[in-house]
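I opened the model to look up a few points on packing. My notes follow in the order I took them.

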Amino acid sequence: MAGDDGEPSLVRPYTLTAGRTDSQVRLPLEAAVGAVTSAQPPAWPAGDVRSQIFTLCAARPSVAEIAAYLSLPLGVARVLVGDLVVQGYVQVHAPLGEAATADERRELIGRTLRGLRAL
């Protein structure tokens with residue numbers, strides 16, 4: 001969404017969070033977010049960003065990727081994803097632990113970088 005002067009407006013995305021800038025849930029940018037398969041999302045209005053996030057989460061994107069795919073500021077994406085976690089629609093999968101292989105670590109770094117570049 002652009003303002004009168006042609007510059008992108010950041011006001012609208014922050015209205016999606018009611019001005020909140022912090023998530024109730026710890027959400028590292030690289031954390032994968034997956035849809036809870038047993039959760040039935042409410043009948044959100046057509047094009048609602050929560051529905052878009054829920055749909056994206058079928059592929060377990062990172063928080064950074066969600067922000068990039070939806071062209072949202074990272075802070076807004078974190079708040080919205082955090083809300084969906086609290087409501088039980090999506091779950092955060094912990095980033096790789098000590099036992100992760102080098103290939104898993106490379107894949108995570110690559111996905112995170114792609115998401116960040118797309119922002």
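**Aromatic pair**

I began with Tyr89, which counts as buried at 16% relative accessibility. Buried here means under 20% relative accessible area, with exposed over 50% and partly exposed in between (1.4 Å probe, protein chains only). Trp44 is buried as well, its relative accessible area being 14%.

I then looked for aromatic pairs and found that the structure holds one. Rings of Phe, Tyr and Trp (its six-membered ring) pair if their centres lie within 6.5 Å; planes under 30 degrees apart count as stacked, over 60 as edge-to-face and the rest as tilted. The ring centres of Trp44 and Tyr89 are 5.5 Å apart and the planes stand at 75 degrees, so this pair is edge-to-face. Trp44 sits in the loop between strand 1 and helix 2, and Tyr89 in the loop between helix 4 and strand 2, so the pair ties together parts 45 residues apart in sequence. Helices (H or I, at least four residues) and strands (E, at least two) are DSSP runs, numbered from the N terminus.

**Basis of the values**

I noted that this is a predicted model, in which local features need pLDDT of at least 70 and side-chain atom pairs count only at pLDDT 80 or more, while totals for chains, interfaces and linings use all residues. Residues are numbered from 1 along each chain as its sequence is written, and side-chain values use heavy atoms, with hydrogens and water left out.

**Helix 2**

Which residues of helix 2 (residues 49-56) are buried? I found Val49, Ile53 and Phe54. They lie on the same side of helix 2, because they cover an arc of only 140 degrees around the axis, taken from the directions from the helix axis to the C-beta atoms. Their cover includes strand 1 (32-35), helix 3 (63-69), helix 4 (74-86) and strand 2 (90-93), where contact means heavy atoms within 4.5 Å.

I checked the largest nonpolar core next: of its 18 residues, Val33, Ile53, Ile66, Val81 and Val90 touch the most other members. Such a core is a set of buried Ala, Val, Leu, Ile, Met, Phe, Trp, Tyr and Cys residues joined through side-chain atoms within 4.5 Å. Helix 4 gives the most to this core, with five residues.

Leaving aside neighbours within four places in sequence, I listed the contacts of Ile66, among them Val33, Ile53 and Val81.

Val63 lies 6.2 Å from Glu30, C-alpha to C-alpha, though the two are 33 residues apart in sequence.
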